[in-house]
Amino acid sequence: MPRVTFPHMGESYRTFKMLMNDLGNEVVLPPRPSKRTLDHGVRHAPEFACFPFKILMGTYVETCLLGAEIIVTSGGVGPCRAGQYGQLHKKILLDLGYPVDIIVFEPPRLHPIDFLRNIQRLNPNRMSYRAVWDCIKRAWQKLIALDETEKITHVVRPREIVTGSTTRIYRKVLEWIDRSHSAKEIEEAHSSAVEAIKSVEQDPERKVLKVGLVGEIYVLLEPASNLEIEETLGNLGVEVERSMFLTGWTRENTFSETHETISVKDAAMPYIPLCIGGHGMESVGHTVVYAKRGFDGVIQLAPFTCIPEIVARTILTSVSKEHGIPVLTFFLDEQTGKAGMSTRLEAFVDLMKRKKWQDELPEHNAVKKGQ
Ligand code: SF4
C-alpha cells in the first residue's frame, strides 16, 4: 500500500486523510506546523523562498521521516513561484536522500486529463471511476462540513460570554466530523457540530466589529502560519470574515469562476487590471467589496517575499483612502512573534472602535464636556 501524505492546511487534512484511505492508500498524517517544522524548512529551503514554501518543506521532511513515499499537493497558475513548488520540493527532498514522488494537482478545469491521470496514480486497487467518484463526493461533503463549521465559530467567538468556550466546543465537534464516514454520518456530524457551536452562551447585545481577512491562500488557511489570528481577533470582540476557504478555492479551480469571484475581480480591475499571480488581485478586490459592505477594517496576511501580496499592499493604501476603510498588513515569516502581532491587533481594534463609536467612547465625551 503506497504511503501518501499532503500539506497541512487548517483542518482540511481530515478530509484528505479519509479520501486517501478510501482510495486504498496508507496515510502519513502531516503534523501541525511547529517550530520543528520551520527549523527543517528554513534549513533546507532557499533563503529567499516564500514562507509557505519553507513550511511545506519542513512538513515534507517530517513526513518523509515518518515514511511517506508519495506527496500529494496542488500546483499554481499565474506569474509567481507557486507553479514551481512541487518540482523544487522534490529536487531538494531527493538531494536529501528521501526517495519520494510528488503528485501535483493542477486546476482540473485547465488540465482535466492530468487530473484523471493523477487520480489513477492514487488508486492502487484500480477501483472503478464510479467508486472513485463516490469517495470524492463524500470527501467534498466533509470539506464543506469543516468549512461551514469554522465559519460559524467566527460569528460566535466575539459574542461568547466565557472566553475560550467557542474554541473548546470547536475542538470537540471537529472530532465528530473527523469520525464520520458515510454520507449520512457526515451530514449528522455537520448539523450536530453547527448546533453545538450555536449553543455556546452568547451576549446578543454585544457590539462587535467586523473585519475582512485577505491575503495569500496558505497563510489564510493554516492557523499555525498566521499565529491563530482569527482566534485572537475573536477574543478581542471582532467578527472575522475570511475571504478564502478551501471549498471556495476548489469550486473556482474545478468548475468555473463563481459569481463572487467575478465580482471580486471586477472590483479589483480599476486598481490592478491583470493577474499578477498568487492572490494579489483578490486581496485588492475583496478589500473593495468589504468596504462597500460596510466592514470596519481589513487585515491582509502576506508571506514575507510574496511578490503578489507586496504589489497588493502598495495598492491597498489607495483603496483604504478612497473607500475610507482601515487596512492593516502583516508580513509573516519565521521571525514573526505572537506577542508583537497581538499588540498591533489591539491597536488596530482600538482605532476601528474610535472610528465607529467615536461619540460613545467615555474619553471622547470627557473631552467634549471639558471644552
Ligand atoms: S503567492 Fe506568494 S507566497 Fe505563494 S508562491 Fe507566489 S510568491 Fe510565494
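**Which strand order does the open sheet of 4 strands have, and with what pairing?**

The order is β2-β1-β3-β4, and the pairing is parallel. β2 (26-27) and β4 stand at the edges with a single partner strand each, so one side of each has no neighbour in the sheet. Two strands are taken to pair if DSSP finds at least two bridges between them. Helices (H or I, at least four residues) and strands (E, at least two) are DSSP runs, numbered from the N terminus.

**Basis of the model**

The model is predicted: local features need pLDDT of at least 70, side-chain atom pairs count only at pLDDT 80 or more, and totals for chains, interfaces and linings use all residues. Residue numbers start from 1 along each chain as its sequence is written.

Strand β1 (residues 3-5) runs parallel to strand β3 (residues 70-74), and 2 bridges join them. T5 has I71 of β3 as its bridge partner.

**Domains and their contact**

The domain assignment, which is automatic or taken from a database, gives domain 1 (3-127), domain 2 (133-207) and domain 3 (208-371). Taken over C-alpha atoms, the centres of domain 1 and domain 3 are separated by 28 Å.

Contact between these two domains involves 21 residues of domain 1 and 26 residues of domain 3; two residues are in contact if their C-beta atoms, placed from the backbone, lie within 7 Å. On the side of domain 1 that touches domain 3, the elements that give two or more residues are α2 (35-44) and α3 (51-65). The most comes from α3, with 4 residues. By class, this side of domain 1 has 14 nonpolar, 4 polar and 3 charged residues. In this scheme Ala, Val, Leu, Ile, Met, Phe, Trp, Tyr, Cys and Pro count as nonpolar, Asp, Glu, Lys and Arg as charged, and the others, Gly among them, as polar.

**Helix α3**

The end C-alpha atoms of α3 are 21 Å apart, which agrees with the 21 Å that its 15 residues should span at 1.5 Å a residue. The expected span is 1.5 Å times one less than the number of residues in the helix.

α3 is mostly covered, with 14 of its 15 residues buried. A residue is buried if 20 or more other C-beta atoms lie within 10 Å of its own, exposed if 12 or fewer, and partly exposed in between, with C-beta atoms placed from the backbone. Just after α3, G67 takes a positive phi of about 105°.

**Surroundings of the ligand**

The shell around the ligand draws at least three residues from each of domain 1 and domain 3. It holds 13 residues, of which C50, C80, A82, G278 and C306 come nearest; a residue is near a molecule or strand if its C-beta atom, placed from the backbone, lies within 6 Å of it.

Helix α14 (residues 307-323) supplies the largest share of the shell, 3 residues. The classes represented are 8 nonpolar, 2 polar and 3 charged residues.

In domain 3 (208-371), strand β7 (297-303) is mostly covered, with 7 of its 7 residues buried. G297, I299, L301 and P303 point one way from β7, whereas V298, Q300 and A302 point the other way. In a regular strand the side chains alternate between the two faces of the sheet.

β7 pairs in the parallel sense with strand β5 (residues 209-215) over 5 bridges, and V211 has G297 as its bridge partner in β7. A further parallel pairing joins β7 to strand β8 (residues 327-332) over 6 bridges, where the bridge partner of V298 is V327.

**Positive phi in two loops**

T305 lies in the loop between β7 and α14. Its phi is positive, about 70°, although T305 is not a glycine. T305 is partly exposed, with 16 other C-beta atoms within 10 Å.

L227 is placed in the loop between α9 (217-221) and α10 (229-235). The phi of L227 is near 55°, a positive value in a residue other than glycine. L227 is partly exposed, with 19 other C-beta atoms within 10 Å.
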